[in-house]
Amino acid sequence: LTLFLLCTLLLTIAETSASVFNNVSCSSNKTFTPNSTFNTNLNTLLSYLSSNVTNNVRFFNATAGKDSNAVYGLYMCRGDVPFALCRECVGFATLTIASSCPTSKEAVIWYNECLLRYSYRLIFSKMEERPRHKINIPLGDPLVLHSNGFYTALGSIFDELPHKAALALAESNNGYAVKQENTSASVTLYGLAQCTPDLAAGDCIRCVTDAAAEFVKSCCGGSIGASVLFPSCIVRYETYPFYQHSGTSAPTMIKRKFIFLLFLLWKIIEIKRF
């Protein structure tokens, strides 16, 4: 019975996915009146954005209303996440941004899997670096954070990723760039960069370069992992492969791990019985 319950729990967890919230920024100097025409247009826009996460579309922009009551908005999913998680993330984002910024004329929200923003002004094809949000992972092996190899690898990754991210824009609307470097025989750094697909290549390069400049790249005040989130691009690095490889979905990977775990558990029980 215990084994059955454990198996049920593990398989339930394996079937579950959830978007990871990072931050939301709401304008305080530009606001609208509840139940106004702008409010109605904003609700229309958010509904339109969430309903257009279909057919593997990971970036979409739209406008609701016109003249002084126009609202411009877009979403972008990280190019490597399974599309089901992209759709889920945008759905969460539209609900959370509306409740977190109930009277703001401009806002941006970031999850690990997507970003979504809207504004009273035209924001399409404009590179913007504010507001911004930085996430540091302070925990980690001190020996790693005090090794020159860690910072050399980090510098190498983000010397190359701005141009790789810009190239990815030309190749796909879902374009993102990844790079990994060994910091030692036992530690590898993994980096990712992605720009909103409406940017020009030069703007993407500048956005990723400026975002990566927020990382500490000299010994020894850095973090074992970090993210910098701009309205127009995202960058991140970790000491584990946090991004999905082409053709492998996150749920599939999780299920394989749990199946392997169940197999090991079964073998342990069999050994104890005999």
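Trainee: How do the axes of helix H5 and helix H6 cross?

Mentor: Bear in mind that this is a predicted model. The axes of H5 (residues 148-171) and H6 (residues 201-212) come within 8 Å, and they cross at roughly 150°. Angles over 145 degrees count as roughly antiparallel, so H5 and H6 are roughly antiparallel to each other. Their crossing is right-handed.

Trainee: Which residues of H5 and H6 make the contact?

Mentor: On the H5 side you'll find Phe158, Leu161, Pro162, His163, Ala165, Ala166 and Leu169. H6 brings Ala201, Cys204, Ile205, Val208, Thr209 and Ala212. Sorted by class, the contact has 11 nonpolar residues, 2 polar ones and no charged ones.

Trainee: And what about H2 and H3, at what angle do their axes cross?

Mentor: Helix H2 (residues 37-51) and H3 have axes that come within 8 Å and cross at roughly 165°. That makes this pair roughly antiparallel, and H2 passes H3 in a right-handed crossing. Look for Leu46, Leu49 and Ser50 in H2, which meet Val90, Thr94, Ile97 and Ala98 in H3. By class, that's 5 nonpolar, 2 polar and no charged residues.

Trainee: Over how many bridges do S4 and S5 pair?

Mentor: Strand S4 (residues 106-111) and strand S5 (residues 114-119) pair over 5 bridges, in the antiparallel sense. To get your bearings, find Ile109, which stands opposite Leu116 in S5.

Trainee: Last one: how many salt bridges does the count come to?

Mentor: The general idea is that side chains of opposite charge can pair when their charged atoms come close. With a cut-off of 4 Å from nitrogen to carboxyl oxygen, the count comes to 10 salt bridges. One of them joins the side chains of Arg117 and Glu128, at 2.6 Å from N to O. This pair links distant parts of the chain: Arg117 sits in strand S5, while Glu128 lies 11 residues apart from it, in the loop between S5 and strand S6 (133-137).

How values were computed:
Residues numbered from 1 in each chain as written. Predicted model: local features only at pLDDT ≥ 70, side-chain atom pairs only at ≥ 80, totals over all residues. Heavy atoms only, no water. Pairing = 2+ DSSP bridges. Helix = DSSP H or I, 4+ residues; strand = E, 2+ residues; numbered from the N terminus. Axes fitted to C-alpha atoms, helices over the stretch in contact; angles between N-to-C directions. Parallel < 35°, antiparallel > 145°, perpendicular 65-115°, else oblique. Left-handed = near helix turned anticlockwise from the far one by under 90°. Contact = heavy atoms within 4.5 Å. Nonpolar A, V, L, I, M, F, W, Y, C, P; charged D, E, K, R; others polar.
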